[in-house]
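Biologist: I'd like to learn how to read a model like this one. Can we go through it together?

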Amino acid sequence: MGTQPRPPVYILLGPPGAGKGTQARLLEERFGLLQLSTGDLLRAAVAAGTAAGRAAGAVMEAGGLVSDAIVIAVLKDRMAAPDTAVGVILDGFPRTAGQAGALDRLLADEGRTVAAAIALEVDDAAMVERIAGRFTCAGCGEGYHDSMKAPAVPGVCDRCGGTAFRRRADDRAETVAARLAAYHAETAPLIAHYERQGMLARVDAMGSIAEIAAALARIVAEPRARGEDPPVAASAEGSAGQGQGGTEGNPREKANG
Ligand code: ADP
Ligand code: ZN
């Protein structure tokens, strides 16, 4: 018998432009977790011309949501790979009630729950500007922004030294409005879903990237409330990281014990 490690699953919730991808990458580096972005998985499927990609491409370019059936299949497939055993940060999934239910069931089959759902709270009005200025390194995927986070050496990736960059086709201002509308209609209600489960943490995500990262690290470094093992970087520390967080209350405290 003995306790099998149960890798934690963190969810980042927030509208397009809230910084989910940037923060997921920082958590990945700091805690050795794996970032899983359904947006990235779908874009890879589109580029590869798979059946899922052919069905998803037009919807994505219009700023709509890809069907639950496709997204859930893509996510489940990816979650089955051995490299997820370190624990994952889901960035952009779940995005609908159907997806949240599918994830709950997937984890419940293994006696697991979500470790925490972290809502990145932002002003909608600022999101269009944030998104319109963003681009990523074609080599390593590092995210940048024209005014908020330009590479230290113009035209050269800070992380991998690459010199090719990409802007997403759906980051045009017209499409961003559709993506924000989809977020409010389908995804924002999931905040209440995780609040009911006692798994929600809220983070003010209008501050600097470093401030937001620090608030997220405090949440991830806490020992798991429901029998999930903490990620490796925090496991030796016992209850370290339970200081006064800058987050608005920690609903998971009541789940202790
Ligand atoms: P953002 O969070 O900035 O909108 P993503 O890369 O997460 O960017 O998603 C890009 C697009 O991919 C979405 O607009 C949507 O069309 C599709 N997509 C990604 N994840 C999902 C999902 N979980 N459910 C449905 N569609 C998704
Ligand atoms: Zn790079």
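Biologist: How many nonpolar, polar and charged residues does the shell around ligand 1 have?

Modeller: Ala, Val, Leu, Ile, Met, Phe, Trp, Tyr, Cys and Pro count as nonpolar, Asp, Glu, Lys and Arg as charged, and the others, Gly among them, as polar. Here, the shell around ligand 1 holds eight nonpolar, seven polar and four charged residues. This is a predicted model, in which local features need pLDDT of at least 70, side-chain atom pairs count only at pLDDT 80 or more, and totals for chains, interfaces and linings use all residues. Residues are numbered from 1 along each chain as its sequence is written, while chains are lettered from A and ligands numbered from 1 in the order in which they are written.

Biologist: Which residues are closest to ligand 1?

Modeller: A residue is near a molecule if its C-beta atom, placed from the backbone, lies within 6 Å of it. Of the 19 residues that surround ligand 1, the closest are Pro16, Thr38, Gly39, Gly92 and Arg95. Helix 2 (38-48) and helix 3 (51-61) are the elements giving two or more residues to that shell; helices (H or I, at least four residues) and strands (E, at least two) are DSSP runs, numbered from the N terminus. Helix 2 gives the largest share, three residues.

Biologist: What does strand 8 pair with?

Modeller: Two strands pair if DSSP finds at least two bridges between them. Strand 8 (residues 200-204) pairs with strand 4 (residues 116-121) in the parallel sense, over five bridges. Ala119 has Arg202 in strand 8 as its bridge partner.

Methods
Buried ≥ 20, exposed ≤ 12 C-beta atoms within 10 Å, placed from the backbone.
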